[in-house]
Amino acid sequence: MTSELSDSLVQTWVTGWARTHGYEVRHEGAVHSARLGQDAEQWEYVVFDPEETELRKVASAVNKSPSRLLTVIAEPNSDIMGAEEIDGLELISDEEKLMVVDMDTQDVEDPITPESYSTNREDFDGWTLFTVNHGEDVAARGRMAVVDDYVILDRIYTSPDYRRQGLGTFVTRALLAIAHEHDVSEGLLVATGDGQELYEYLGWTLLGNVHVFGSPSAEGKPRPSHSQIDDDINE
């Protein structure tokens with residue numbers, strides 16, 4: 001049986017997700033925040049199913065800069081999941097899902113690399129990048145970080161020319177096999193609406209919905225995706 005959705009679990013996911021992006025992260029009570037770049041104002045605040053008083057306090061902090069984001073994670077039937085705006089912040093993304101998997105159900109062995117492809121693993125400070133190449137092209141890629149006894153998967157992406165060949169499944173299984181090198185019990189990830197079906201097929205289950213709110217005056221609107229792809233995937 002996997003963990004239930006909680007503030008502690010959200011904190012774990014934020015820690016691992018931020019690590020794979022190289023973001024500074026802070027945990028202050030029930031508010032988990034990550035600085036999304038070099039801009040001192042570009043912060044994202046993540047909260048789990050907050051009470052109204054707490055929610056308004058965080059929204060006030062987000063409203064101080066149009067480059068800030070507020071992310072609310074809660075079970076699908078929570079009242080907050082019906083909100084279209086919070087104190088002037090508008091809903092800019094509601095398709096993502098936080099998912100979990102029992103690592104005992106996942107293969108320990110590395111998956112077989114598809115014919116005509118090669119793979120590369122790079123270990124960094126606290127996280128791992130796994131890449132699938134086809135000649136000189138990067139066909140697919142994904143990242144993982146281990147936090148306590150959880151592995152957090154992130155940025156699993158297949159280039160358009162290589163989709164529908166099972167590479168997303170291959171990368172996911174490869175990352176989980178790497179995670180088995182550590183003493184992990186569960187996996188966490190945020191999936192897009194399109195990706196949810198794939199992960200359910202691989203044994204993952206839904207924990208909660210992920211809704212992102214931002215300033216309506218933000219120029220170019222900060223990208224709200226937590227499965228953000230690598231823009232420089234071929235670099």
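Two strands count as paired if DSSP finds at least two bridges between them. Strands themselves (E, at least two residues) and helices (H or I, at least four) are DSSP runs, numbered from the N terminus. With those terms in hand, welcome to this structure.

The model is predicted, so local features need pLDDT of at least 70 and side-chain atom pairs count only at pLDDT 80 or more, while totals for chains, interfaces and linings use all residues. Residues are numbered from 1 along each chain as its sequence is written, and side-chain values use heavy atoms, with hydrogens and water left out.

## The chain as a whole

The chain holds four helices and twelve strands. Its radius of gyration is 18 Å, close to the 18 Å that the globule rule gives for 235 residues, so the chain is as compact as a globular protein of that length. That radius is taken over C-alpha atoms, and the rule is 2.2 Å times the number of residues to the power 0.38. Along its principal axes, the C-alpha trace spans about 55 × 40 × 30 Å.

Of the 235 residues, 53% are buried. Buried means under 20% relative accessible area, exposed means over 50%, and partly exposed lies in between (1.4 Å probe, protein chains only).

Seven of its eight residues are buried, so β8 is largely enclosed by the rest of the structure. On one side, β7 (residues 118-123) runs antiparallel to β8 and is joined to it by six bridges. Within this pairing, Arg121 has Phe130 of β8 as its bridge partner. Three residues separate β7 and β8 in a hairpin, and Gly126 in the turn has a positive phi of about 90 degrees.

β8 also pairs with β9, again antiparallel, through eight bridges. Here His134 stands opposite Asp137 in β9. This second hairpin has two residues between its strands, and Gly135 in the turn takes a positive phi of about 65 degrees.

## The nonpolar cores

A nonpolar core is a set of buried Ala, Val, Leu, Ile, Met, Phe, Trp, Tyr and Cys residues joined through side-chain atoms within 4.5 Å. The largest one has 28 residues, and Phe130, Val132, Met144, Val151, Leu153, Tyr199 and Trp204 touch the most other members. Elements that each supply at least two residues include β6 (89-102), β8 (127-134), β9 (137-147) and β10 (150-158), along with α3 (167-179) and β11 (186-191). Which element gives the most to this core? It is α3, with eight residues.

A second, separate core of 23 residues includes Val10, Tyr23, Ile152 and Leu207.

The 15 residues of α1 (residues 7-21) should span 21 Å, and the end C-alpha atoms are 21 Å apart, which agrees. The expected span is 1.5 Å times one less than the number of residues. Eleven of these 15 residues are buried, leaving α1 mostly covered; among them are Leu9, Val10, Trp13, Trp17 and His21. Just after the helix, Gly22 has a positive phi of about 75 degrees.

Rings of Phe, Tyr and Trp (its six-membered ring) pair if their centres lie within 6.5 Å; planes under 30 degrees apart count as stacked, over 60 as edge-to-face and the rest as tilted. The whole structure has six such pairs, and two of them are shown here.

| Pair | Centre to centre | Angle between planes | Type |
|---|---|---|---|
| Trp13 and Trp17 | 5.3 Å | 15 degrees | stacked |
| Tyr199 and Trp204 | 6.0 Å | 70 degrees | edge-to-face |

Trp13 and Trp17 sit four residues apart in α1, about one turn of the helix, and both are buried. Together with Tyr23 they form one aromatic cluster. In the other pair, Tyr199 is buried at a relative accessible area of 9%, and Trp204 is buried at 2%.

## A look at Gln196

Finally, is Gln196 buried or exposed? At 16% relative accessibility, Gln196 counts as buried. This residue lies in helix α4 (residues 193-201). Not counting residues up to four places away in sequence, Gln196 touches Lys97, Met99, Ala191 and Leu206.

Conventions:
Contact means heavy atoms within 4.5 Å.
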